[in-house]
Structure formats: structure tokens, C-alpha cells
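Here are my notes for you, written as numbered points. Keep the model open while you read and look up each residue as we go.

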Amino acid sequence: MNSCPSTDQIRKTFLDFFASKDHLILPSYSLIPENDPTLLLVGAGMAPLKPYFTGERRPPHPRIATCQKCLRTPDIGQVGYTGRHATFFEMLGNFSFGDYFKEQAIIWSWEFVTEILQLSRERLWISIYREDEESFEIWSREIGIAEERIVRLGDEDNFWEIGPGPCGPCSEIYYDLGPEKGCGKPGCTLGCDCDRYLEVWNLVFTQFCREADGSLTNLKKTGIDTGAGLERLAMAMQGVTSLYEIDLISPIFKHFAALADGKKKDCTIPLRVITEHSRGITFLVADGVLPSNEGRGYVLRRLLRRAERFGRLVGMTGNFLTEAIPLVVRLMGETYPELKQKEEYIRQVVEVEEKRFQETLTLGVEILEEYTARLKQEEKQVMPGEWAFKLYDTYGFPLELTREILAEEGMMVEEDSFKRSLTAQQERAREAARADSGIAHDLSYREVADLTTLFNGYRKLKLKSKALALLVNGRRYQEINKPGTEVELLFDCTPFYAEAGGQVGDSGEVTGKDGRVLIKDTFIAPSGQIVHRGTLEAGRITEGEQLTVLVDERRREAIRRSHTATHLLHRALKDILGKQVNQAGSLVSPDQLRFDFTYFNSLSAEEMGKLEKRINDKIRENIDINISYTTLKQAEAAGAEALFGEKYDPESVRMVSIGEYSRELCGGTHVDSTGEIGLLRFLSEEGIGSGLRRIEAVTGEKAYRFTVGQTRQLQNLSEILRTPPERLEEKVQEMLRVQRQVEVANRDLKMKLTSFQVEALLSKTKEVNGVKVISEIVEADSMEHLLMFTDQIKERLDGGVVVLGAVEGGKVLLTGAVTPDLVKQGISAKEIIVAVARQVGGGGGGRPDLARAGGKNPAALPAALKRVSSLVREQRH
């Protein structure tokens, strides 16, 4: 291989090498795990292949190799501070499922690294698990590695396990970047936190099972799980010392460097953070993740906001992350074509979130200003680390930015307590990651992993079927004979549709010669079988018995109507709102349908009306539904919609066509023609996240009942208002006009009454160091009413401070105002009102000339207002 290959060349060379070793090459899976509730995101090459390691599914080939896009965040705090840590990366992997083991895996890894990549053997070091003598013998005797270059490490570094289940020792290949990249400490070697020794290859030898009691037993079938970081191999091959210098990443770093403020002293760490996170952000959105406050959406939001914060530190403004997306797509789009396909959509999602965070960051500045005001009042110059951490964790404020703002005020942060809070949070994240990232599948179905179930329920709702297994709480029984027992049944074939693709599972009943089971739900086990969950109603059933399996027909028909209606809705949304609309999720049930889609604005009543009309027009056209099986390529050529995050078999997909109007890849159940839907009515439309909307609707009989209910409501209103239904809108408009007139009259009267009371308040003016001060309790029924008092007093007070309080509904209302001349002299209504609010158990904010607040303790209001004079006196100094 040439001396400085591109990262793309290294990727291809790896896959070609293992293809020559009889490995099946699979494309990268989505970052969103497929049918794996234990994982938040795919964080390792083996993650999508977990069912093959656990034995829950049979692999398509005993040898597999992949280049898997990955994203993990436990070490996010180190990104930018080292040259090797990343959240998003590509993981090269070769895997064996009961085929080759340690010797062959080690030989091939060394062959690839030294003969194919031709990395210098003098720079390579090996680590093994301290008790793994077999690996030591292979490395030292067969490969010829000197004993002093084989380092034994303990459980934490070189034994892979996540709770009960498959586990085993590791062996790693390290590339020495040289002493100049080291920490210089005595004994610096493999496993040190410094940048000198770069792990480029990790071999996991899956040979044990960790039992529930903590003991280790040997697995019947051993496995190999290799992880080789593509970016790290590129560092070694391209002769650079950080991933920010390799060919796929350095253009992004240079792009952001050109946007940074050249006057800033050290931009390296912020620029690294922004560069690294921009890649993860782009790939997450491309795979269908949207910003939110939980789950995957929170990971995306955290990356985006962390990058945005660091951009602020180096003077970046505007939507700089959005503007970098075309560059990321250009660099990675050939290998990952989904980036090109979704480029405009990715830009939209990131732009909306960037703008939203810019508003949040402004709020963080205001909170920090309140903190600094409080410190000044208490005559302190060190902010507690807990406050700084709250700013960091809740409002997205980096410690560096907090330091910078405090320094301008002659203050600093108490950083030890900040670090303690941060460490505690990181440990919680790592614990969650350890729970999420391993083979933590539900192993309840391992005992039946070798069984297969044929679904035969698209046209048939009743079958004779053989009971292959009966499970109670994960344990297999030959017979179930106690009525009321919750049981899970597996059959050789079934008409029951298992929950998938947003469609709920079927319900129904199973009967035999001696017993009956009421089926409540149907779902897919991790090993791929269809599981029927129900309750034994009477008698007994036995494994191997021929049973009659019957789907609830009326419920299935309602589900079919809902499912076909979602396809009509998806197409209608694209027709009316634009092609950028994409499905982001759905729920298809007998009671109603729910459809989530990507869009960045709320829908107007006119748009909702057009959508509902378009769908009902298509229902009345009674268009035939055609189901066909074809290749993925042919389906895409025919214009079929393929959904975000779904994994399709390239050789066989099921295409649902509604005439020429709609084509989607779908495994669900559908009506034979659109007329069977009967009617569709919308129930609601709402935003459920950044760039994400949701429509809920009903079909068929439910839609008819909904319409009848609306008609009845109109009739009732017509009787109450004594107005014909066709004139109800006009009548309500007239009532609203009268109400507005009454509100205006009330406001005018309130203003006049306030003016009379203002005279009395002005007579209570005090002078504090030459400043006129009014701080009194008044009777006001709202914040708006209290502001009337404040505004009128301020207009008539020359060089003064006004702080007024009121109690309404058991809560305190506060307003504060300072005349412009005193604002120029440094007196701030905001600082005063924050201090007063704190005494009544509340908080507030605002501007130097006008502020407002609330509180929970009315009893403390008189004493709090008495403090105003001393607050003015302090600011006057």
C-alpha cells in the first residue's frame, strides 16, 4: 500500500482483505439500533450483530466484516482535549460466529497491519488480558513479538463484559506516536491516558458466559469481535498525531478555523470540538434522529449545543454549524449516500436547533448576570462551582465562558466543586452507557432461538397450527393447565401479525381440544419468532398440540383501515407541504392512527382542511391496493418511499401501491381498496419536538362517531345561544366583540382608579442619598395591573426608584423601575428586584430600567420592601 493512503482507501483495503478471507461484507447499519430497546445508539461495530453472538439469530455467514458508523458519548468531555477521542467514528470489524478463534484472528490482524498497511513493527505494541496465556503464546511464539512488548492489563482494560452473558478477554495492537506525544511520567506505557500509545486494533475473544452468580462458564461456540478505529489507522498511516489532521477531518477543521476570531489566544480545543461534533450531528440527523430532551434526541441536542457553545468562545456567529454541512456531505457522501439524499433536510433540522439554542444561550447570560449581582450583594468574588455547573448542565454554558464573563467582573469560579459535580454526572453517563452498550438483550427467548415461525396472515385469519413452545416468565413448559396463567406461545405458522413498523400486534384466541387461550398481544422476539402473549382461560394446552389460531377479525379490519390511511396521509403531506416532509414514526391501532413527520412550521387550518379533503377524495375514488414483492433497487426506481432507520433486504422487499398515487415499502396489513376506509377525520395536529409534528386521526366507524359527536355539539351550542347552526360563527364573533369592549372599559376604569391611588403613593416618597424611592404594597389583581402603577409613578417621579408589591391568589407579584438618569449612574432595577424576590421565596429578571418578579411567601413582603432603601444605598455607592 502507498505510504500515505486516504482514509477511503484504508476502509476499502480492510474490507477487500477480509472478503479475500471468505468474510461476508455487510454495509454499515444505521446509528439507530434495529429492534434493540437496550441500545440508545450503535456505539460499536458488533452492536448490530449482537443477536448472532448471543445465539438468538443465525448469522447469514459464519464470517462477517463491516465498516460501521458509530456514536458514543461517555468520554465526550475529553473530545477536543486529546487528539484521539471522538464521539462519532467509523469502526472496522471482522467477526466470527463459532468459526475461527484466537490464533487465526491474531494472525490476520498482524498480517493486515504489518503486511497490507505496512506499519512499522518497531512502533507496534501488544496488550493482552493478564490471565490469557493462550494469547501470549500466539503473540510471542507464532507472531514473534518480543515479550517486553507484550503488556498484561487487568479486568478494566482487557476483559470485555456487560453484566450476565457472553464475555471474554481482549488483546489490542497499539501504535507508538513517539515520546514527544507522551506525558513524560515514569512508567508511561500502554493504558496511560496520554496520547503517546494509540490503540488501533482491539480483538475481543468471546469464549465465556458470565452467569447470574458471577461465575464464568465456557461457551459452546466461541466468537471473534474485532474493532479497529478507521480514523486512528488513518492517523498512523498518514503520519499525523491527531485525528483532526487526517484527510477526512482536516478540511472541516480548517473551515471552522477560518471563521474563528483570530484575536483569541488559543482556539485549538474549541475548533476540535466543533469539528468533531459537526460530523456526529450530520450523521445522526441523516439517520432520522431529531433534537429533543430525551433519548437519542438529547444526544443530538447535546452535541449541537456543545459545538455551538465552543463556537461562541472563539467568536463564531450565525448558523456556522448549518453552513458546514455541505462540506461534511462532500467528504463523506460517496461512502454514505444517505448524506447526499438528505442534505437539505439535515440543514433544516440543524438550522432550527441552532437558532433555538442561540435564544437559550441568551437566557444563560441573564442567569449568570443574576448570579454575579448576588455575589456583589454578598461581597463575594468566588462563584460556587455548583452554580457554574448548573449553568453548564441546564443552560448550556461552558465553564470557559463563565470564567471569561466573571473575569470581567473581577470574579472567579470555585472549580473543585464544579469538577466534583461534573465527575458525578460523567460517572452516571458511563454507568448508563455500560448498561446500554453491551449484549444486554432480553435472554428470555434464548431457549427457543432455534425455532422458526411462518407468518401466513395477510389473507387468512384462522389456521390450524402446532404449538412449538409454551413459555411462562421465560421458562419453557410442556403443559399449561392452571386457568389465569399468563403464557407466551410460539407456533410453526400463524395468522397473527406481530407488532412492527408502527402497527400494533393482533389479538384473538387459541383453542384446542382441552383448552382455550385469550391472546392479548403479538410481538417479535429478539430471535425473530412471533410470540403470542395471552391468558389461559380454561382447560389446558400442551407443547406439540395442534391448535386453532384465530385473529380478532373486527379489530384487524380497523387496523387495516388505519394503516392504509397513514399511507394516504404521508403522500398527501408531501403533495401539500412539499417533498421535504418525511415520516418520522407512526402508531397504527384499531382505535386511531398517529403519524409523526418532519416539518418546521405548525399547520394552518387551511392546510389541515386541504389534507383532510385530499385523503377523503382518494378514499371515495376507491383505489385498488396492490401488494408486490421486488428488489430494493427496483422499488426505489418505481418511486417507493423507504423509511428512516429501517433496514431492508436488498433482494426482496414488499411494496404497497395505492394505484399510482402512493408507493411505500411496508410489511403491514392493508385494505383491498381505499373505499373500505370509509372516512378519515383529523383529531389533532401538534409539535412534538424540534422540526417534528404529529397528526392524530380516526377512520371508519370511529370517524363517523367523531363526526356525529361534532354535529351534536353544534346542535347543543345552537340551542344554548338560540342561534341557527349556520349563524353560530357570526354569533360568537359578535359576543367576542362585546367582550373586548367590556375589557377596554374595565381597563380605562382601572387606569382612573390607579391614578387616584398614585397620588397617595407619591406622598410616601423617601430620599436615599439623593434618590427618590417608593417601595410600597398596593392592591393589584395581576402583573399587568401592577405595571400600571409602576408606569404612572415612574412618569411623575424625577430621578427615582419604584418597587411595588402585591399579593394575588396567595402569591407575591413584584415590579421595579428606575428612571433613565439613574440607570446611567449604575442603579439597576433588575438587581434590586432579584434581591427583593429572593426574600419572598421567588425570582425574577428584566432590564436595568424595568424588572418584574414573583414569590411564594406573602408574609415576607413587607420586610422585603423595607430593604429597597438599603439596596439603593449600596448601588448609589
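**Notes on a predicted model**

1. Let's start with strand β26, which is covered on both faces: V653, M655 and S657 on one side, and R654, V656 and I658 on the other, are all buried. Buried here means under 20% relative accessible area, with exposed over 50% and partly exposed in between (1.4 Å probe, protein chains only). Why two sets of residues? In a regular strand the side chains alternate between the two faces of the sheet. Six of the six residues of β26 (residues 653-658) are buried, so the strand is largely enclosed by the rest of the structure.

2. Before going on, a word on what you are looking at. This is a predicted model, where local features need pLDDT of at least 70 and side-chain atom pairs count only at pLDDT 80 or more, while totals for chains, interfaces and linings use all residues. Residues are numbered from 1 along each chain as its sequence is written, and side-chain values use heavy atoms, with hydrogens and water left out. Helices (H or I, at least four residues) and strands (E, at least two) are DSSP runs, numbered from the N terminus.

3. Which strands sit beside β26? The order is β25-β26-β27, an open sheet of three strands with antiparallel pairing. The edge strands, β25 and β27, each pair on one side only. Two strands count as paired if DSSP finds at least two bridges between them. Neighbouring strands of this sheet are turned by 20° against each other on average, direction ignored (axes are lines fitted to C-alpha atoms, for helices over the stretch in contact, and angles run from 0 to 180 degrees between N-to-C directions).

4. Now the bridges themselves. β25 (residues 625-630) and β26 are antiparallel over six bridges; I625 is partnered with I658, and N626 with S657. On the β27 side (residues 662-665), four bridges join the antiparallel strands, and S657 stands opposite R663. β26 and β27 form a hairpin with three residues between them, and G659 in the turn has a positive phi of about 55°.

5. Next, the aromatic rings. Rings of Phe, Tyr and Trp (its six-membered ring) pair if their centres lie within 6.5 Å; planes under 30 degrees apart count as stacked, over 60 as edge-to-face and the rest as tilted. By this rule there are 26 aromatic pairs. F14 and W201 have ring centres 5.9 Å apart and planes at 55°, so this pair is tilted. F14 lies in helix α1 (residues 7-19) and W201 in strand β8 (residues 197-210), so the pair ties together parts that are 187 residues apart in sequence. Both F14 and W201 are buried. They also belong to one aromatic cluster with F17, F18, Y100, W108 and F112.

6. A charge sits over a ring if NZ of Lys or CZ of Arg is within 6 Å of the ring centre and within 35 degrees of the ring normal. R654 has its charged end over the ring of Y458, 3.7 Å from the centre, and R571 lies over the face of Y661, at 4.8 Å from the ring centre.
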